[in-house]
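This report is written for a reader who is new to the structure shown here. Please keep the sequence and the model in view while reading.

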Amino acid sequence: MWSPTSWQLKTLEQQADYRDESALEQVITELSQLPPLVSPQEVVRLRELNARAAHGEVFLLQGGDCAETFADCKPEAIHRKVELMLQMSLLLTYGLGKPIVRVGRMAGQYAKPRSAHTETVDGVSLPCYRGDLINDATFCQQKRQPDPARLLKGYSLASLTLNYIRTIDHDAFQEFCSPDYWDPVHLFGQHASPFIQEQLLEVRRAFSLIQHLTPKNWLRQLDFYTCHEALHLHYEQALTRKVENKWFNLSTHMPWVGMRTAKPGSGHIEYLRGIENPVAIKVGPRMSCDWLISLCKELNPNNEAGRITLITRLGHEQVGHLLPRFIQAVKKESLKVTWCCDPMHGNTEVTDQGVKTRHFDNIVSELRQSLAIHQSQGTNLGGIHLELTGEAVTECVGGHCAIAEHDLQRAYHSLVDPRLNHNQALELTLHLMESYKKQEVNNQNASNRINWQNHLG
Ligand code: PEP
Ligand code: CO
């Protein structure tokens, strides 16, 4: 029998070691009496949009920090991230020819799975940093101790973040619909590559056409949804609420289960099984097809469209042979899923200096390959999932801004995984648009061929 606490009876991975259980209990009680952060109507709407993404009618753009930090809950940083996501979605609306659903890794992406329990520096071992919801990143015994009061702080900052996103004046974004905004020199500097110039020229043509055809407010209301990894189950439990006899996680619209906690029958799957939200599953190279199928069945026993999004993160070297297998396994079972590509997490590497990074070209490569594979398998790529920031960080290598390994130390701010900066994220968007265009041309050629054949026949 499922309940918001039934996960506690199952095996659990990635749990913080709280010293004071009663303090934790007290915080959970307090949290569970506070107002929810999102509404059940929004959750249901996103679930419906997910179902439409599976059919290629809309496209999901998920993005944000690997790990949000409490210190970064600042209006400027939030504004720039929302602005970047909006710019990317405008480009994609044009390039993909369909509505884009924006889902920020925001307002709650505070808990991180880690590969080791402890971190050792100069012979001293301390509990690892597990995200701001759990402990402090500073390498000091006291700060690394999990502190339940941080759950309340995380909740408050998530709520402030959401409130701020909802108050952003969307009219200010009208400038992005002006052809002038997409001037390559303005965005990428004097030496924008021919690829960037060519892509942006088309975008400018489109926006100038729109300007002439429609009233100014074609942007309409800015819908913005949130997602985060449902890792800290005490937090998720406390924000799980019963509405009209159904249970909703009202801390976020779309929680996901990470690679490290996605074992069938585990506490994390048990928790996600009982809520109404759309749920995403990260699919990595270590996952077998049987494993994936049993997760889908456990989380979506009635095989309802929109409930499951599979976020594949396989790496540019392995996506070519792994993704077709997963797609075929899902097809064989006739499972309804929405496919989404995370080209970040399978492409993480460590430089000789010990810095975690990702190569822009590898990210683009996994994205392009995923798109082509879905096309050849007759499935839709329904979305992308990125780690990005609106700041000019130097965390990923490459791209038009040509960040080299020796630049990484200049503006590396992520506490966990490397993010695309503003320019890299826009450039990646241009690549996605180009791949779509090529695909469309191929489709067009293919359908022309068929028509021609029919005609002959
Ligand atoms: C993440 O999305 O930051 C993450 C840890 O992902 P994964 O579980 O896919 O490794
Ligand atoms: Co990450």
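The sections below describe a metal site, a ligand site, aromatic pairs and some single residues.

## Basis of the report

This is a predicted model, in which local features need pLDDT of at least 70, side-chain atom pairs count only at pLDDT 80 or more, and totals for chains, interfaces and linings use all residues. Residues are numbered from 1 along each chain as its sequence is written, chains are lettered from A and ligands numbered from 1 in the order in which they are written, and side-chain values use heavy atoms, with hydrogens and water left out.

## The cobalt site

Four residues coordinate the cobalt ion (ligand 2): Cys66 through SG, His345 through NE2, Glu387 through OE and Asp417 through OD, at 2.1 to 2.3 Å. Donors here are N, O and S atoms within 2.8 Å of the metal (3.2 Å for Na, K and Ca); water is not among the atoms, so sites may look incomplete. Along the sequence, the donor residues follow the spacing C-x278-H-x41-E-x29-D. Cysteine 66 and glutamate 387 link distant parts of the chain, 321 residues apart. Cysteine 66 sits in the loop between strand E1 (59-64) and helix H3 (75-96), while glutamate 387 belongs to strand E14 (residues 381-387). Helices (H or I, at least four residues) and strands (E, at least two) are DSSP runs, numbered from the N terminus.

The term buried means under 20% relative accessible area, exposed means over 50%, and partly exposed lies in between (1.4 Å probe, protein chains only).

Which residues are around ligand 1? They are Cys66, Arg105, Lys112, Pro113, Trp256, Gly258, Met259, Arg260, Lys282, Arg313, His345 and Glu387. A residue counts as near a molecule if one of its heavy atoms lies within 4 Å of it. By class, this shell holds four nonpolar, two polar and six charged residues. In that scheme Ala, Val, Leu, Ile, Met, Phe, Trp, Tyr, Cys and Pro are nonpolar, Asp, Glu, Lys and Arg are charged, and the others, Gly among them, are polar.

For lysine 282, the corresponding distance is 2.8 Å. In histidine 345, a side-chain N or O atom is 2.9 Å from an oxygen atom of ligand 1. Ligand 1 exposes 300 Å² when taken alone, and the protein buries 98% of that. Accessible areas come from the Shrake-Rupley method with a 1.4 Å probe; for residues, only the protein chains shown count as cover.

## Aromatic pairs

The structure holds eight aromatic pairs. One of them is the tilted pair of tryptophan 2 and tyrosine 271, with 6.4 Å from centre to centre and 45 degrees between the planes. Tryptophan 2 lies in the segment before helix H1 (21-32) and tyrosine 271 in helix H9 (residues 267-273), so the pair ties together parts that are 269 residues apart in sequence. Rings of Phe, Tyr and Trp (its six-membered ring) pair if their centres lie within 6.5 Å; planes under 30 degrees apart count as stacked, over 60 as edge-to-face and the rest as tilted.

Tryptophan 2 is buried, with a relative accessible area of 14%, and tyrosine 271 is buried at 0%. Elsewhere, Phe173, Phe176, Tyr181, Trp182 and Phe207 form one aromatic cluster.

## Single residues

Histidine 232 is placed in the loop between strand E5 (225-229) and helix H8 (233-238), and counts as buried at 7% relative accessibility. Its side chain makes a polar contact of 2.7 Å with the side chain of tyrosine 18. A polar contact is a pair of N or O atoms within 3.5 Å; within protein, one must be able to donate a hydrogen and the other to accept it, and residues adjacent in sequence count only if both atoms are side-chain atoms.

Most residues other than glycine have a negative phi. Serine 334 has a positive phi, near 50 degrees; this serine is in the loop between helix H11 (319-332) and strand E11 (338-341) and counts as exposed, at 51% relative accessibility. Alanine 402 also has a positive phi near 50 degrees and is placed in the loop between E14 and helix H13 (422-456).
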